[in-house]
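The following note sets out several points for a colleague reading this structure.

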Amino acid sequence: MFIRPHSLAIITTHQCTAACDHCCFTCSPYVTKSLRYERMEQLIDEAAQIPSLCVISFTGGECFLLGDKLDALISRASGYGLVTRCVTNGYWAVTPKAAEQRVAKLVKAGLKEINFSTGTFHSRYIPVQRVINAACACVQAGLTTLINIEICNESDFKPELITEHPVLAEYIANRSLTVQRSVWIEAEGISPVTHPEEHSRFNPDRKSGCQTILNVLAVTPDEHLVACCGLHLERIPDLHLGSVSQKSIRQVLDEAPDDFLKIWIHVEGPERILEFVKRYVPDYELPVHSAHPCETCLRLHKDKVARTVIREHYREVEDEVVSLYLAGMASNALNTAVLRQYQGQQTLATDEA
Ligand code: SF4
Ligand code: SF4
């Protein structure tokens with residue numbers, strides 16, 4: 001009842017042409033776990049039946065490894081009137097001409113948006129020039145184009161390669177290209193990734209609700225439907241709504257319990273929830289070095305103390321949080337009716353802990 005997704009991210013494969021340190025899904029050329037092509041076709045058909053859903057993004061791993069099948073999937077989704085987006089490292093744009101030719105096919109298939117990732121870790125595998133070739137071709141073809149550049153203390157990437165590039169700078173100035181810095185976070189067991197103190201998610205100006213959870217669903221190569229497309233979705237079982245290997249997206253959504261913690265994360269974000277925990281456990285150590293909400297979210301879900309406090313005290317904030325969620329979700333009249341129906345019927349993902 002509380003899940004009205006506007007987007008579906010299809011994590012087409014964990015295979016990638018790169019093997020970046022700290023990749024959130026540990027993708028590489030040697031990992032072959034992928035969604036079956038026929039299942040991806042069905043997922044698009046199922047997504048088209050969900051009225052709130054209007055965007056399909058193809059991601060990975062590297063979705064361009066699908067070759068012509070990627071174009072066919074884009075075409076299928078576009079045929080339903082869905083907005084389509086690809087997320088890629090740009091490896092395929094070997095030359096400006098190659099980029100132009102590949103992008104022309106994507107546009108013909110109906111692609112509307114494309115996001116590129118680059119930075120220190122990516123550029124060890126994919127030369128930044130390919131991202132530049134690809135971005136130029138996409139902007140020229142009229143696609144909504146965005147370049148994400150990793151940010152962390154360990155980065156020696158020069159963003160000026162993008163922002164001061166003679167052609168890209170012009171696109172940035174006339175707003176046909178967006179460049180943003182994306183916090184690069186550490187994966188377990190690899191070299192440290194750190195961030196300046198001012199990037200702490202616990203700084204008052206950086207705390208925010210998670211706009212992704214319940215709004216952007218993801219399907220993993222294991223055919224799990226997940227309530228967000230966050231960086232740690234593979235490591236947080238509570239975010240998994242169920243398997244779509246034998247059921248449709250709609251069925252899994254209909255059977256998923258209304259989990260208050262997801263609503264709370266959406267409204268307040270994981271940092272404020274951990275601060276709530278600290279009110280009951282004054283010596284609780286907040287992960288103040290967290291520079292990304294998904295990092296804080298992983299701690300929130302894995303920490304036994306936090307889960308216990310949440311389980312014991314969440315009712316104290318429940319009505320206020322649910323009201324705020326509903327206020328942002330639908331009309332006031334509908335919200336009131338749903339709130340009445342909801343009161344006293346919800347479950348909590350930490351109940352089983
Ligand atoms: S390009 Fe993206 S998906 Fe591929 S290894 Fe790097 S971070 Fe992972
Ligand atoms: S903060 Fe949590 S719920 Fe939100 S996107 Fe990240 S992992 Fe998902």
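**Notes on the predicted model**

1. The shell around ligand 2 consists of seven nonpolar residues, two polar residues and no charged residue. The model is a predicted one, and in it ligand 2 is surrounded by C210, T212, I213, C228, G230, L239, P293, C294 and C297.

2. Two members of that shell, P293 and C297, also take part in a helix contact, being among the residues of helix 10 that meet helix 9. On the helix 10 side the contact is made by P293, T296, C297, R299, L300 and H301, and on the helix 9 side by L261, I265, P270, E271, I273 and L274. By class, this contact comprises eight nonpolar, two polar and two charged residues.

3. Two packed helices are described by the angle between their axes and the distance between the axes. For helix 9 (residues 260-280) and helix 10 (residues 293-302), the axes come within 9 Å and cross at roughly 95 degrees. Angles of 65 to 115 degrees count as roughly perpendicular, and helix 9 is therefore roughly perpendicular to helix 10.

4. Ligand 1 is surrounded by C16, A18, A19, C20, C23, C27, G61, N89, H122 and W184. By class, this shell holds seven nonpolar and three polar residues, with no charged residue.

5. Two backbone features deserve attention. Most residues other than glycine have a negative phi, and most peptide bonds are trans. The peptide bond from G60 to G61 is cis, with omega near 20 degrees; G61 lies in the loop between strand 2 (55-59) and helix 2 (68-79) and is one of the residues surrounding ligand 1. H22, which is not a glycine, has a positive phi of about 75 degrees. This residue is placed in the loop between strand 1 (7-11) and helix 1 (37-48).

6. How many cavities of 30 Å³ or more does the structure hold? There is one. The largest cavity contains about 60 Å³ of space, and its lining is formed by F2, I3, L214, L241, P257, D258, D259, K262 and I263. Six of these lining residues are nonpolar and three are charged, with no polar residue.

Key. Residues are numbered from 1 along each chain as its sequence is written. Chains are lettered from A and ligands numbered from 1 in the order in which they are written. This is a predicted model: local features need pLDDT of at least 70, side-chain atom pairs count only at pLDDT 80 or more; totals for chains, interfaces and linings use all residues. Side-chain values use heavy atoms; hydrogens and water are left out. Axes are lines fitted to C-alpha atoms, for helices over the stretch in contact, and angles run from 0 to 180 degrees between N-to-C directions. Helices (H or I, at least four residues) and strands (E, at least two) are DSSP runs, numbered from the N terminus. Angles under 35 degrees count as roughly parallel, over 145 as roughly antiparallel, 65 to 115 as roughly perpendicular and the rest as oblique. Contact means heavy atoms within 4.5 Å. Ala, Val, Leu, Ile, Met, Phe, Trp, Tyr, Cys and Pro count as nonpolar, Asp, Glu, Lys and Arg as charged, and the others, Gly among them, as polar. A residue is near a molecule or strand if one of its heavy atoms lies within 4 Å of it. On a 1 Å grid over the protein atoms alone, a cavity is a set of points where a 1.4 Å probe fits but cannot get out, and a pocket is an open set with protein on both sides within 12 Å along at least five of seven lines; lining residues have an atom within 4 Å of a point. Grid points are joined across faces, edges and corners, and a volume is the space filled by probe spheres set on the points.
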